[in-house]
Structure formats: structure tokens, C-alpha cells
Amino acid sequence: MAVIISESDMQFGEYEQEQIFQLEKSSQYTKKLRPNGIKSCEFILRRDNKLYFVEAKKSCPRQIEADTSEEKRIKYREYIQDIALKMRHSLALYSNILLERYDTEGVPELLKERNLSGLEIRLVLVVKNAEKGWLAPFQDVFRKELQDELRIWKIPDFSIINEETARNKQFII
């Protein structure tokens, strides 16, 4: 049965049930962690030899310029910190599920195999309305914010893509 995930005015999928774990809707997250301020990305997708942690947004703030107001600077920083926290918490929650500190309810067999060491982890932010010119500098900000996690988890990169690129990479339909 194919899974389609509606998020931020985009349709992610169609994925096979065994490829996807909807972390944000999981009982492990919604019952015990979300009420306590823990954040989560939308879902985890296993495709080939990659494990994608995917977050979706409708828009993103523009790059900060020298003359940007303090209010916009604060919102920009909050946006970055919120998404970085979602990725940090999602990595931690998923590994704690695999360590059986939380139950594995809803996690397909393909995503709870004991040895996932051969998989490459990818952190992906899909921003529906982002202009391509905004993405590279914005991606650099996230790389810096998440540099420790990228090293610890041996994640090659943090990717920010827009709707068009997500469609071309077959994340959305």
C-alpha cells in the first residue's frame, strides 16, 4: 500500500509502507515527548542505501543583510534553531527507538533492522516556496548550526531543497 504524506501544501510520496516512519505522528513522539517540548521532523524515509530525515516548510526567511531589522534577525535565528532542534531530537528519538528505550510501534521492519551501519544519513529540509538563490547561503547557515551533529553522526551534508527540486528527486508527487 502506497503512503502519501500531506505536509506544508506538498504531497510527499508515493512511498512503500516499509520505507517510511512518520516520526511526527508516531505514538512514541505524540504521547510522551511532544507535550514536553521535544521537536520532530515529519518523517524518516529509507531509500536504497540512504536514511532521510525530512522536514517540510511552506517558506523560509531571506538571508540576513546588514540593514535587516532586529525583529527579522530574531525570527531568522528562531527559524534556524527550530529546524536544527527538530533534526537533533529526531536523530536522538529514532536511535532511542532502535535501542528499545521506546517501543517500536509503527516502525517498519526495514527501519528497525539491527545493523543500519551501511546506510548514509541525510538531513533534508524541503521549503515549498524557496527561491533557488536563497538556498545555498541558507544551507551554509544550517551546516554551521548542525556541524557537531554532522560530525558525530557522520552525515555528509544538510540539504535544503525547494518544491521543484523535491519533485525532481521524487520526494514529492
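Helices are DSSP runs of H or I with at least four residues, numbered from the N terminus. On this basis, Ile173 of the predicted model is found in the segment after α5 (163-168). The relative accessibility of Ile173 is 46%, so this residue counts as partly exposed. When neighbours within four places in sequence are left aside, the contacts of Ile173 are Ile4, Gln11, Gly13, Glu14 and Arg167. Between Ile173 and Gly133, the C-alpha to C-alpha distance is 23 Å, at a sequence separation of 40 residues.

The protein chain as a whole contains seven strands and five helices. Their order along the sequence is β-β-β-α-β-β-α-β-α-α-β-α. The radius of gyration of the protein chain is 16 Å, close to the value of 16 Å that the globule rule gives for 173 residues, so the chain is as compact as a globular protein of that length. Taken along the principal axes, the box filled by the C-alpha atoms has dimensions of roughly 50 × 35 × 30 Å.

Of its 173 residues, 46% count as buried, that is, they have a relative accessible area under 20%. Among contacts with a separation of 6 or more, 67% are accounted for by residues 24 or more positions apart. The accessible surface amounts to about 9,500 Å², and carbon and sulfur atoms contribute 45% of this area.

The structure holds 19 salt bridges.

In helix α2 (residues 70-98), Lys75 and Glu71 lie four residues apart, about one turn of the helix. These two residues form a salt bridge, with 3.6 Å between the closest N and O atoms. Glu71 has a relative accessibility of 53% and therefore counts as exposed, the cut-off for this class being over 50%.

A second salt bridge joins the side chains of Arg88 and Glu145, with an N to O distance of 3.6 Å.

Within helix α3, Asp140 and Arg143 are three residues apart, about one turn of the helix. Their side chains meet in a salt bridge at an N to O distance of 2.7 Å. Asp140 counts as partly exposed, at 43% relative accessibility. Arg143 is also partly exposed, with a relative accessibility of 28%.

Salt bridges also connect residues into a network, whose members are Lys39, Glu55, Lys57, Asp82 and Lys86.

How values were computed: Residues are numbered from 1 along each chain as its sequence is written. This is a predicted model: local features need pLDDT of at least 70, side-chain atom pairs count only at pLDDT 80 or more; totals for chains, interfaces and linings use all residues. Side-chain values use heavy atoms; hydrogens and water are left out. Helices (H or I, at least four residues) and strands (E, at least two) are DSSP runs, numbered from the N terminus. The radius of gyration is taken over C-alpha atoms; the globule rule is 2.2 Å times the number of residues to the power 0.38. Buried means under 20% relative accessible area, exposed over 50%, partly exposed in between (1.4 Å probe, protein chains only). Contact means heavy atoms within 4.5 Å. Accessible areas come from the Shrake-Rupley method with a 1.4 Å probe; for residues, only the protein chains shown count as cover. A salt bridge is a side-chain nitrogen of Lys or Arg within 4 Å of a carboxyl oxygen of Asp or Glu.
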